[in-house]
Amino acid sequence: MTAVFSHGRLRLYLLKLLDDGPKHGYELIRLLEDRFLGLYAPSAGTIYPRLQRMEAEGLVSHTAAGGRKTYEITDAGRDELRQRADELATLESDIAASVQDLSTLAGEIQTEVRGSVRDLKRELREAARQTRQARRNRWDTSPFPAGPPFGPAEPGSGEFGPGSQPRPGTSTEAGLLAEFDQRLAAFTTEVGRLVRARRFSDSQLRTAIRLIDGALEGLRRLLR
């Protein structure tokens, strides 16, 4: 749960949402997600227990239809909203600030991810170019003027015949793969260091995870 809803403030905001009209639990989750621009969404395990406690306290009631409970605010719930009007106004202000912080963080992470993906694409293109060049150089310096790159196999001649050449590009590709592994490990270490140094909230970490998943999907599309 995002820090802005600590100390019972989520209960207050649920009352505010229900004051706008009856809603079932899934609607409340979606409204909260929309309020945070998709950067935070409470789980069902966060919302439904609170609704049950609020109902036990007489602040909300529910009706059931089609296997779904619809909650509505009671007069006691409206009384609490009126008594905590100043707190609600402060909460709205804090939510707006939190959304701005989350949006800024998301923008920073997206910029970093886009830069990393661009660098990776450029390095992959360069690796492919170097591999092609190495193969061309190998064939240009070959003492055999014509014919296929690998000669016919003969008994006792090894895997390939007298006209055979070693498969090109192996050492270059191995070196580039090693460099790729090093860059990937460095990226993972740096992201972990940044996350732990700034002590992100749960919602910020979920945003970072979604952005990393997006970068991974972009790489899958690139390498298909």
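**Close-up views of a predicted model**

F5 and Y13 are both buried, where buried means under 20% relative accessible area, exposed over 50% and partly exposed in between, with a 1.4 Å probe and protein chains only. The model is predicted: local features need pLDDT of at least 70, side-chain atom pairs count only at pLDDT 80 or more, and totals for chains, interfaces and linings use all residues. Residues are numbered from 1 along each chain as its sequence is written, and side-chain values use heavy atoms, with hydrogens and water left out.

**View 1. Aromatic rings around F5.** The whole structure contains 2 aromatic pairs. Rings of Phe, Tyr and Trp (its six-membered ring) pair if their centres lie within 6.5 Å; planes under 30 degrees apart count as stacked, over 60 as edge-to-face and the rest as tilted. The ring centres of F5 and Y13 are 5.8 Å apart and the planes are at 45°, so this pair is tilted. F5 also forms an aromatic pair with F36, edge-to-face, at 5.9 Å centre to centre and 70° between the planes. F5 lies in the segment before α1 (9-19) and F36 in the loop between α2 (25-35) and α3 (44-56), so the pair ties together parts 31 residues apart in sequence. Helices (H or I, at least four residues) and strands (E, at least two) are DSSP runs, numbered from the N terminus. F36 is buried, as is F5. Through these ring pairs, F5, Y13 and F36 are linked into a cluster.

**View 2. The largest nonpolar core.** This core has 25 residues, and F5, Y13, L14 and L32 are those with the most contacts inside it. A nonpolar core is a set of buried Ala, Val, Leu, Ile, Met, Phe, Trp, Tyr and Cys residues joined through side-chain atoms within 4.5 Å. At least two residues of the core come from each of α1, α2, α3, β3 and α5 (85-140). The largest share, 7 residues, is supplied by α1. Leaving aside residues up to four places away in sequence, Y13 touches F5, L32, R35, L88, L91, E92 and I95; contact means heavy atoms within 4.5 Å.

View 3. With 13 residues, α3 reaches 18 Å from its first C-alpha to its last, close to the 18 Å expected at 1.5 Å a residue; the expected span is 1.5 Å times one less than the number of residues. T46, I47, L51 and M54 of α3 are buried. Seen down the helix axis, the buried residues of α3 fall within an arc of 115°, so they line one face of the helix; the arc is that of the directions from the axis to the C-beta atoms. Their cover includes α1, α2, β2 (60-65) and β3 (68-73). G45 and A56, on the other side of α3, are exposed. Just after α3, G58 takes a positive phi of about 80°.

**View 4. E80 and R11.** E80 belongs to helix α4 (residues 75-83). Its relative accessible area is 11%, so E80 is buried. The side chains of E80 and R11 are joined by a polar contact of 2.8 Å. A polar contact is a pair of N or O atoms within 3.5 Å; within protein, one must be able to donate a hydrogen and the other to accept it, and residues adjacent in sequence count only if both atoms are side-chain atoms. Not counting residues up to four places away in sequence, E80 touches R11, L15 and L59.

View 5. L10 is located in helix α1 and counts as buried at 1% relative accessibility.
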